Amino acid sequence: MESKGANRFLAVLLLSIATTAFSAPYYDSGLTPYYYDYACSQALPTIRRVVKEAVEKERRMGASLLRLHFHDCFVNGCDASVLLDPTPTIDSEKLAGANNNSARGFEVIDQIKEEVDKVCGRAVVSCADILAVAARDSVVALGGPWWNVRLGRRDSTTASRTTANTDLPAPFMDLNALTSSFQKQGLSAKDLVVLSGGHTLGFAQCFTFKDRAHNDLNIHPKFAKKLQSLCPRAESGSDSNLAKLDPTSSRFDTLYYKNLLKQKGLLGSDQVLFGGGNTDELVRTYSDNANAFWKDFAKSMVKMGNIKPLTGNLGQVRHNCRWVN
Ligand code: HEM
Ligand SMILES: *[C@@H]1O[C@H](CO)[C@@H](O)[C@H](O)[C@H]1NC(C)=O
């Protein structure tokens, strides 16, 4: 009797070790949700608090922080390369087309880093992990899903504006180009549709959708009119005027997808996800199934967060997210 019980116990133990070791996200990336549990148990609560305060002060900040993590991961992996300021040896990604006068939230990341290093007593938490956790906490603060963030990324000692310019997708891309851009990062067409749902939050400037507003045919006429008056064709002075990416731009909801069904996607890259291509069905699904969107968004965010992390002795943990140590 006793040995039968012990055997069963052993079998369960081995099975759970095996499933932990081989379940894809841990095994593939070398990251784990428990990374800071012993090194600094206050790290994650501190990030959450600072993000919450920042989002309460300005709802848009949640959108900006989510986007920073995306722009980090798509350029040589999630290594905080996006945070490095320009120096004679750093080819700052902040100056790349998709980021210059557009990426924001850097001061909040600085504040998080400062407070986390203080509470931990030293620089144990990487800037890349801060970006990943801040993105999750932003989504939660604005009503979206929670997910367990895998941790243990280290920070790069280099940046590449050139790679940022080639690897960050542009708003005028068609479905094929967008799919290729995601495929290059190991992400599927489904990930593309799901993660584009990040555009349920935040704003875009006229120069990113002005062409579409004036020239595209796959746009709702009244919606186009509104955008045309916000962004007059011959007035470059209005190029930084802001439009909401979806009408409830500070609430994580399914309106982004509902609007695509009505040709009211703000960016060209949004609308092409619903336009007779093979992603139409998914857009339809998420438009009236918040549960599916929440669940898949969480899953795809973990997948995006696993892109080429620096682990072990690679890279470093920066003392200041803007500079290499
Ligand atoms: C699919 C390809 C994508 C393209 C072409 C794209 C393009 C853009 C553009 C042009 C803007 C406006 C920037 C500006 O006007 O300054 C923007 C904003 C934003 N993007 Fe994307 N994006 C894409 C995917 C994503 C993904 C995967 C996420 C996150 C999961 C994301 C999150 C955001 C957020 C939250 C904003 C608003 C930022 C703010 O208000 O500060 N985007 N995106
Ligand atoms: C970035 O934007 C500024 C305007 O604020 C502009 O002067 C500069 O040329 C831009 N940099 C690049 C590399 O495009």
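Visitor: Why is Tyr 256 called buried?

Guide: The relative accessible area of Tyr 256 is 2%. Buried means under 20%, so Tyr 256 counts as buried. The model is a predicted one.

Visitor: What is the relative accessible area of Tyr 257, and is this residue buried or exposed?

Guide: Tyr 257 has a relative accessible area of 0%. That value is under the 20% limit, so Tyr 257 is buried.

Visitor: How many aromatic pairs does a search of the whole structure find?

Guide: The search gives 13 aromatic pairs. One of them joins Tyr 256 and Tyr 257, with 5.0 Å from centre to centre and 80 degrees between the planes. Centres within 6.5 Å make a pair, and planes over 60 degrees apart make it edge-to-face; the Tyr 256 and Tyr 257 pair is therefore edge-to-face.

Visitor: What makes the pair of Phe 293 and Trp 294 edge-to-face?

Guide: The ring centres of Phe 293 and Trp 294 are 5.8 Å apart and the planes stand at 85 degrees, so this pair is edge-to-face.

Visitor: Which residues form one aromatic cluster?

Guide: The cluster consists of Trp 147, Phe 252, Tyr 256, Tyr 257, Tyr 286, Phe 293, Trp 294 and Phe 297.

Visitor: What makes the charged end of Lys 94 count as sitting over the ring of Phe 106?

Guide: The charged end of Lys 94 is 4.2 Å from the centre of the Phe 106 ring. The distance limit is 6 Å, and the charge must also be within 35 degrees of the ring normal. Lys 94 is listed as sitting over the ring of Phe 106.

Visitor: How do you know that the span of helix H6 agrees with its number of residues?

Guide: Helix H6 covers residues 127–141, which is 15 residues. At 1.5 Å a residue the helix should span 21 Å, and its end C-alpha atoms are 20 Å apart, which agrees.

Visitor: Why is H6 called largely enclosed?

Guide: Of the 15 residues of H6, 13 are buried, so the rest of the structure largely encloses this helix. Just after H6, Gly 143 has a positive phi of about 100 degrees.

Visitor: Which residues line the largest cavity?

Guide: The lining consists of His 69, Ala 132, Trp 147, Asn 148, Val 149, Arg 150, Arg 153, Met 301, Val 302 and Gly 305. Helix H15, residues 290–305, gives the most, with three residues. By class there are five nonpolar, three polar and two charged residues. The space in this cavity is about 70 Å³, and the search finds one cavity of 30 Å³ or more.

Visitor: Why is Val 302 called buried?

Guide: Val 302 lies in H15. The relative accessible area of Val 302 is 14%, under the 20% limit, so Val 302 is buried.

Visitor: What is the volume of the largest pocket, and how many residues line it?

Guide: The volume is about 1100 Å³. The lining has 46 residues, with Arg 67, Pro 169, Pro 171, His 199 and Leu 267 nearest the centre. Helix H4 gives the most to this lining, with seven residues. By class the lining has 25 nonpolar, 13 polar and eight charged residues.

Definitions and conventions. Residues numbered from 1 in each chain as written. Chains lettered and ligands numbered in written order. Predicted model: local features only at pLDDT ≥ 70, side-chain atom pairs only at ≥ 80, totals over all residues. Heavy atoms only, no water. Helix = DSSP H or I, 4+ residues; strand = E, 2+ residues; numbered from the N terminus. Expected span 1.5 Å × (residues − 1). Buried < 20%, exposed > 50% of the residue type's maximum accessible area, 1.4 Å probe, protein only. 1 Å grid on protein atoms, 1.4 Å probe; cavity = no way out; pocket = protein on both sides within 12 Å on 5 of 7 lines; lining within 4 Å. Points joined across faces, edges and corners; volume = space filled by probe spheres on them. Nonpolar A, V, L, I, M, F, W, Y, C, P; charged D, E, K, R; others polar. Phe/Tyr/Trp six-rings, centres within 6.5 Å; stacked < 30°, edge-to-face > 60°.
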